[in-house]
2 protein chains.
Amino acid sequence: MLKAIQILGSSSGFVIQYWKPRNCTGQGLFSISIPSKSSLSLSLYSSLRIVPAQDISFVPKISVRRTRFRAFHASSTRSEPNPEGPSASSSSSSSSLALKSAAHVRNIKFCQWCGGSTKHDVPEGEERMRAICTICGKITYQNPKMVVGCLVEHDNKVLLCKRKIQPSYGLWTLPAGYLEIGESAVDGAIRETREEANADVEVLSPFVQLDIPIIGQTYIIFLAKLKKPHFSPGPESSDCRLFPLDDIPFNSLSFSSMVITLSLYVENMKAGRLRFHYGTINKRPGTSPSDIQAYTLDNHMQS
Amino acid sequence: MLKAIQILGSSSGFVIQYWKPRNCTGQGLFSISIPSKSSLSLSLYSSLRIVPAQDISFVPKISVRRTRFRAFHASSTRSEPNPEGPSASSSSSSSSLALKSAAHVRNIKFCQWCGGSTKHDVPEGEERMRAICTICGKITYQNPKMVVGCLVEHDNKVLLCKRKIQPSYGLWTLPAGYLEIGESAVDGAIRETREEANADVEVLSPFVQLDIPIIGQTYIIFLAKLKKPHFSPGPESSDCRLFPLDDIPFNSLSFSSMVITLSLYVENMKAGRLRFHYGTINKRPGTSPSDIQAYTLDNHMQS
């Protein structure tokens, strides 16, 4: 289940650059360029721009480039059903993130254990502002959350779910949702796939970790396969389908994290080798929340 | 900074089994066996057993084994300075984890936003008990936390810090701590390395993700290198040293996650190829919290 989640839109004109660590064989550094005319149809909340779909589907073009780290330009915005979350409306610079973090802490006005009012101060030995109970002294820490899911492969196709809930109602996503206390990332990814696609899967390998600091989320997606060739929409999906790689609906995906994950997957499959990827999705400073090209993928590494 | 953290002790007689996903070259499935006479000296909290150090250091012996997934047997226990966290004193079975999760939720007695008392119920459309405010209706979700850190390499040695704080006072660890809101895993790992070892590092690649469901933590460790050959103990460390691979103090490491990470690193380095690893550290059902061999590494996969 993934209700309170970001919409990091998908896009026109983005570029992926890879770095290959030592001790790895195969391809080296390269980039993926998406044709700039590609754009996405996003059914989004309130203030978000609706972008006409021009290309039904696209597949990244690949060219080798000798630059380490940096640069995935993708459109972005998100809904904010969770009132405690930071806003996506400003830049991702350090000062901005620090302000957001402080604002996040100031939202915590009461102690969840004793009900005492909190003060907002930097505890001794720490460097960040925390919400400290004025009665019992306990600190309420706020930390990023993990979103776990599966990229399910079957007969050279991938399983996508059409969202029947906001945000991103009507758009396609990999089955994914928040990791719960008491479960592993693998178990959470399997559970989410069962809930959203009524599919029983076996996880094959980790595929991607994508941090989104501005909204305090980290996506962890595993490759998986169907144990049985059965699936159907769960309560939060209106449709579930297997898409051949060339027909993945990149123009109507729900989140940038999904665009990135599926682009990397298509790229790796065409190159004949699947890798594990890490990256940070940042909003470009000074851009509008409705600017669908306002995100970059930084620190992109693969193993 | 990593104050409220698990102690998953290190150990005698553990086994690692690997699985190699398709499309990967190099070694296939294999296991690491640690001599059963190896044991660890752990200076632990309260109820934990102190185990005499018999072997100053050890390096895993490797043998090929054709089994998919499963099995890392390592000792384990942990301190619990965070009162909201689950106890490590019972098994990691599903029912036990469900009970722990429910207990975790019941600890939340007040709404942190309006101060209203909470009820503990399963919201409509969900399957898990949540703490729901009886005044404003908001739900306080509790999710696992990420611990991020660096395995810093320099001149074929690795950088370890001796802990000057509890838990695991006096034991060696990789620099690591909780990921903060507003930062990426890479930035958090760099920050922790600067705080604990006064070391300025460049991250090279992701190396391991280890989930520990029973305490709601996920370790994410990156390989890194020193930008300058300077380091010194930070406020939470009494010493920082570079250890050659054959001299890593496996018998006095702080946490099982560190034993696993460093064992995998030594193994990969000896095999001439670094990989990305995923695994789940579980407590074996029915074992005592003081049993230092009571954890298994499940779902071990590498890319």
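How much area is buried between chain B and chain A, and what percentage of that area do carbon and sulfur atoms give? In this predicted model, the area buried between the two chains is about 6,100 Å², and carbon and sulfur atoms give 54% of that value. Buried area here denotes the accessible area (1.4 Å probe) that two parts lose on being put together, summed over both. Gln112(B), Trp113(B) and Ile181(B) supply 12% of the area that chain B buries against chain A, more than any other three residues.

Because the model is predicted, local features need pLDDT of at least 70 and side-chain atom pairs count only at pLDDT 80 or more, whereas totals for chains, interfaces and linings use all residues. Residues are numbered from 1 along each chain as its sequence is written, chains are lettered from A and ligands numbered from 1 in the order in which they are written, and side-chain values use heavy atoms, with hydrogens and water left out.

The interface brings 70 residues of chain B into contact with 70 residues of chain A, contact meaning heavy atoms within 4.5 Å. Across this interface the rule finds 4 salt bridges, each defined as a side-chain nitrogen of Lys or Arg within 4 Å of a carboxyl oxygen of Asp or Glu. The side chains of Arg130(A) and Glu180(B) meet in a salt bridge, with an N to O distance of 2.6 Å. Several elements of chain B each supply at least two residues to the side that touches chain A, among them helix H1 (94-106), helix H2 (185-197) and strand S11 (201-212). Helices (H or I, at least four residues) and strands (E, at least two) are DSSP runs, numbered from the N terminus. S11(B) gives the most to this side of chain B, with 7 residues.

Within chain B, helix H3 comprises residues 256-271. At 1.5 Å a residue, its 16 residues should span 22 Å, which agrees with the 22 Å between its end C-alpha atoms; the expected span is 1.5 Å times one less than the number of residues. Of the 16 residues of H3(B), 13 are buried, where buried means under 20% relative accessible area, exposed over 50% and partly exposed in between (1.4 Å probe, protein chains only). Just after H3(B), Gly272(B) takes a positive phi of about 85 degrees.

Arg194(B) lies in helix H2 of chain B and is partly exposed, with a relative accessible area of 44%. The C-alpha atoms of Arg194(B) and Gly234(B) are separated by 7.9 Å, although the two residues are 40 residues apart along the chain.
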